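Visitor: I have the sequence and the model open side by side. Could we go through the side-chain contacts and then the sheet?

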Amino acid sequence: MESVVQLLALNPLLRTLSSAPAATHVALSFDLAGEAVLSFVAPRAGRLRVTNGRVWATRSGRPDAPPDDVVLGTDLPLPVARGERWVLESWHAGKSASLCFE
């Protein structure tokens, strides 16, 4: 069985990946087709950004904050705290929308 060191010596791509700093944030992308509804819990603090269409976003209530609704367009990202639960759907029934969490 080959050791990791031997594999790194043989493959320059693996060598590059192994020496790169670990990514601390990964962007997540979502496509909301037609009538789709997505329940999303933020894995960390970040922001939701619409990349296509408009999205109706509802934050679930917490003891320190009541539920609230916002309509998001491509013009302004929404700050999201770690652990917040959001229900996301296209603002226009039957039309798709896309967004990402950064």
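**Contacts and strands**

Guide: Ring pairs join F30, F40 and F101 into a cluster. Please note that the model is a predicted one.

Visitor: How many aromatic pairs does the structure hold?

Guide: The structure holds three aromatic pairs. One of them is formed by F30 and F40, in an edge-to-face arrangement with 5.3 Å centre to centre and 65 degrees between the planes.

Visitor: Which strands do F30 and F40 sit in?

Guide: F30 belongs to strand β1 (residues 28-32) and F40 to strand β2 (residues 37-41). The two are 10 residues apart, and the pair links distant parts of the chain.

Visitor: Is F30 buried or exposed? And what about F40?

Guide: F30 counts as buried because its relative accessibility is 17%, and the cut-off for buried is under 20%. F40, at 6% relative accessibility, also counts as buried.

Visitor: What about the tryptophans, W56 and W91?

Guide: W56 and W91 form an aromatic pair that is edge-to-face, with 5.9 Å centre to centre and 80 degrees between the planes. W56 lies in strand β4 (residues 55-59), whereas W91 is in the loop between β7 (85-90) and β8 (97-101). The pair therefore ties together parts that are 35 residues apart in sequence.

Visitor: How accessible are W56 and W91?

Guide: W56 has 34% relative accessibility and counts as partly exposed. W91, at 39%, counts as partly exposed as well.

Visitor: Switching to charges: how many salt bridges are there?

Guide: The count comes to four salt bridges. In general, side chains of opposite charge can pair when their charged atoms come close. Here, R47, R49 and E102 are linked in a network of salt bridges.

Visitor: How far apart are the closest N and O atoms of R47 and E102?

Guide: In the salt bridge between R47 and E102, the closest N and O atoms are 3.0 Å apart. This pair links distant parts of the chain, with R47 in strand β3 (residues 46-52) and E102 in the segment after β8, 55 residues apart.

Visitor: And E102 with R49?

Guide: E102 forms a salt bridge with R49, where the closest N and O atoms are 2.8 Å apart. R49 is in strand β3, and the two residues are 53 residues apart.

Visitor: Which residue meets D68 in a salt bridge?

Guide: The side chain of D68 meets that of R59, at 2.7 Å from N to O. D68 is partly exposed, with a relative accessible area of 26%, whereas R59 counts as buried at 15% relative accessibility.

Visitor: Now the sheet. What is the order of the four strands?

Guide: The order is β1-β8-β3-β6 in an open sheet, and the pairing is antiparallel.

Visitor: Which strands stand at the edges?

Guide: β1 and β6 (78-80) do. Each has a single partner strand, so one side of each is left without a neighbour in the sheet. From one strand to the next, the twist averages 25 degrees.

Visitor: How many bridges join β3 to β6?

Guide: Three bridges join β3 to β6, and these strands run antiparallel. As an example to locate in the model, G46 has V80 in β6 as its bridge partner.

Methods: Residues are numbered from 1 along each chain as its sequence is written. This is a predicted model: local features need pLDDT of at least 70, side-chain atom pairs count only at pLDDT 80 or more; totals for chains, interfaces and linings use all residues. Side-chain values use heavy atoms; hydrogens and water are left out. Rings of Phe, Tyr and Trp (its six-membered ring) pair if their centres lie within 6.5 Å; planes under 30 degrees apart count as stacked, over 60 as edge-to-face and the rest as tilted. Buried means under 20% relative accessible area, exposed over 50%, partly exposed in between (1.4 Å probe, protein chains only). Two strands pair if DSSP finds at least two bridges between them. Axes are lines fitted to C-alpha atoms, for helices over the stretch in contact, and angles run from 0 to 180 degrees between N-to-C directions.
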